[in-house]
Amino acid sequence: MIKLIGILVVAVGFALRFNTLLVVMAAGIITGMVAGMSFNEIMELFGKYFVENRYVTLTVLLIVPVVGLLERHGLRERAEALISKAKAATAGRVLLIYTAIRQISIAFGVNIGGHPQMVRPLVAPMAEAAARQQFKRAVLPAAASSGELPDKLAEEVRANAAAAENVGNFFGEDTVFAVGAVLLIQGVLKGQGQDVGLWALSLWGIPTALAAFCVMVWRTQRLDRRIREQAHLAKTEEPQ
Amino acid sequence: MKLISLDVFYVVAGLFLLLVAARIALDAQHPKRWGSAVFWGLLAIVFFAGKQLPALVAGYMVLAMVVLAATKQVAGVPGAGGAAGDRAKSAERLRNWLFAPALLIPAMAVVGTLLLSRVHWGDWWLMDSANVTVSAVCLGALVAAAVGLKITRAAPVTAVNEGSRLLQAIGWALILPQMLAALGAIFSKAGVGPVIAELAAHALPTQIPFVAVAAYCLGMAIFTMCMGNAFAAFPVITLGIGLPFVVQLHHGNPAIMAAIGMLSGYCGTLMTPMAANFNIVPAMLLDLKDKNAVVKAQVPIGLTLLAANILIMYLCVYRF
């Protein structure tokens, strides 16, 4: 039981909003000490795994220069200009299409997405531009308001763009062409004398993949409804 | 032999971090000049030296970075890149060419996984087959940077400056995924997982088939939320709850159990700040004021899909 103290440290630390890095390090140190490791042994473990997991950070590091460069030269502005020509585009539809592309491509073993390379420069600005348009169109004819998308709503659209990436990424992976996760599953089960085929594992990922897409249909429709509601509110609030 | 291994990209990333640190150190206007410069400089050394660095030294460097972050010595310069008018003018001039470098990155991912990973001359492989996705994206990023500089006719220093601005906007959260991976490893070394599996197995009436399924799926989700990683949770919870109860006691189908069990873990990933690379770093990348905004947007999705997983597993695992 005492070994669970690290999880408690994390929960309390997050709840009290201490610096997350500090909370994580403290949880590691306390858990290690409880398990009988010395401070230097714990530092060694942190060093070893921090170095081994550099690849998680690597793509972000290499992508930010090009994304920053393109943004400085108007990538977001151009994405907005492009989306404003598509009259049927809504924030929800942009995100739903992205989820579908992501699920299908990763099912075939190709990882085309990612937060730094797709969501920040392309998907989020397009969804936000579509939302801005939806909002403006709903507000402008009636009110003298600028039709500017409220910041809070813009942030909600961007948070949902990140969610569309994650859902598309997680719930496509285990279908058609088995990669990473499926191989891990097979390995673990084999160690216990259970032989399961790759195809069986892939096949049984499909129902959840479909369910995930349906959930995204619901969430993206809700997002579009939220934008309409907020626009309606803005319209009625304006005195003129 | 691999011609393009991750080590090449680690050196490039280290070089970029070093430039970021040096430019901060030379910037007298920077609000947290020395703290930030040391933070990014230490990270640069970790990327450069990597496995040559003794683990203990790397550990103490990580500790120093954590202390700098916790004492608020790491900060960025606020503000967008360039004036809005300049960006609009440039967007008007370059039009859809601007998308070319951005689309090159996913295009390289496709080419890399499908083609380049198979190119070899005898024992000389073009790419490291163990890390094809990461290598392909990295290669794509470098090609995109070159094409981007050509199209915009900007000096390379602009790319470094703009990259530095974005990096500092992410700030110390950038190293959170690496820290959490280390914490996960310490948790499993200390034997945290089996304790949780045992607790769940003893506390619940797993002789009821539905309870066994629900306990396994919930166990996967909750333990993933604690560890931030479904891959770490899978062996522990599958050996602790899944195999003994769903498969051995109630004769469920192991393939169905395992496939849907892993996906239940992913539901947990959606709902935890511990999965920092999926949930926290993106919040910083997207300029969200609330760094838990992505988790909050995903909680309804995670809960619904978890319920769906329990239902699908219960309906199928004892039947096929």
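In chain B, B:Gly193, B:Ile196, B:Ala197 and B:Ala200 of helix α9 meet B:Ala215, B:Gly219 and B:Phe223 of helix α10. Meeting here means being in contact, with C-beta atoms, placed from the backbone, within 7 Å. Helices (H or I, at least four residues) and strands (E, at least two) are DSSP runs, numbered from the N terminus. The contact of α9(B) with α10(B) brings together five nonpolar residues, two polar ones and no charged ones. For these classes, Ala, Val, Leu, Ile, Met, Phe, Trp, Tyr, Cys and Pro count as nonpolar, Asp, Glu, Lys and Arg as charged, and the others, Gly among them, as polar.

A quick word on the model: it is predicted, so local features need pLDDT of at least 70 and side-chain atom pairs count only at pLDDT 80 or more, while totals for chains, interfaces and linings use all residues. Residues are numbered from 1 along each chain as its sequence is written, and chains are lettered from A and ligands numbered from 1 in the order in which they are written.

Chain B as a whole has 14 helices and three strands. Of its 320 residues, 54% are buried, that is, with 20 or more other C-beta atoms within 10 Å of their own, again placed from the backbone.

Now for the two chains together: 98 residues of chain A are in contact with 117 residues of chain B. On the chain A side, helix α4 (residues 54–72) gives the most, with 19 residues. Sorted by class, that side has 60 nonpolar, 25 polar and 13 charged residues.

Helix α3 of chain A has its own share of buried residues, including A:Ile42, A:Phe46 and A:Phe50. The buried residues of α3(A) pack against α2 and α4 of chain A, and also against α2 (33–49), α3 (55–70) and α8 of chain B.

Terms used:
Buried ≥ 20, exposed ≤ 12 C-beta atoms within 10 Å, placed from the backbone.
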